[in-house]
Amino acid sequence: MDVNDLRALSTTALRALGTDAIAALTTAQSAALSSAQAAALTTEQIAALTTLQASNLESSDLAALGSNQIAAIATVCGVLAAVAPARRAAALDPAQAIRL
């Protein structure tokens, strides 16, 4: 599916796409989503967006999102932000971590 095909999708057809199809969108395709299309995404589809795809959403796209969609984006961003520190902490020896 190219950018023009994506623009031609109705909001109903966009909602019918699986999370695997949403996660497979290229950066250009995710940037080409209209505000109405972004607002039509389900919570599961928004959770499937990668960080790069989500960063390509414009402020007008975000303004069209519902509160549950914004909560899903915030949850995904929070989990992604917590992964690196958690992995570093898991690699430490507990006795050394207490001394730090």
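**Close-up views of a predicted model**

View 1. The residues that line the largest cavity divide into eight nonpolar and two polar, with no charged residue among them. By the rule applied here, the count comes to one cavity of 30 Å³ or more, and the volume of the largest cavity is about 70 Å³. Of the 10 residues that line this cavity, those closest to its centre are I46, L49, A54, I73 and V76. Two or more lining residues are given by each of the elements α7 (51-55) and α9 (67-91), and the largest share, five residues, comes from α9.

**View 2. Helix α9, its span and its bend.** Along its course α9 bends by about 30° at V83, and a proline, P85, follows within four residues. The buried residues of α9 are Q69, A72 and I73, and I73 is also one of the residues closest to the centre of the largest cavity.

**View 3. Q37 and the residues it touches.** Q37 has its place in helix α5, which covers residues 35-40. Because its relative accessibility is 3%, and buried means under 20%, Q37 counts as buried. Leaving aside residues up to four places away in sequence, Q37 touches L6, R7, L9, T11, L14 and A32.

Key: Residues numbered from 1 in each chain as written. Predicted model: local features only at pLDDT ≥ 70, side-chain atom pairs only at ≥ 80, totals over all residues. Heavy atoms only, no water. Buried < 20%, exposed > 50% of the residue type's maximum accessible area, 1.4 Å probe, protein only. Contact = heavy atoms within 4.5 Å. 1 Å grid on protein atoms, 1.4 Å probe; cavity = no way out; pocket = protein on both sides within 12 Å on 5 of 7 lines; lining within 4 Å. Points joined across faces, edges and corners; volume = space filled by probe spheres on them. Nonpolar A, V, L, I, M, F, W, Y, C, P; charged D, E, K, R; others polar. Expected span 1.5 Å × (residues − 1). Bend = angle between axes of the 7 residues up to and from the residue.
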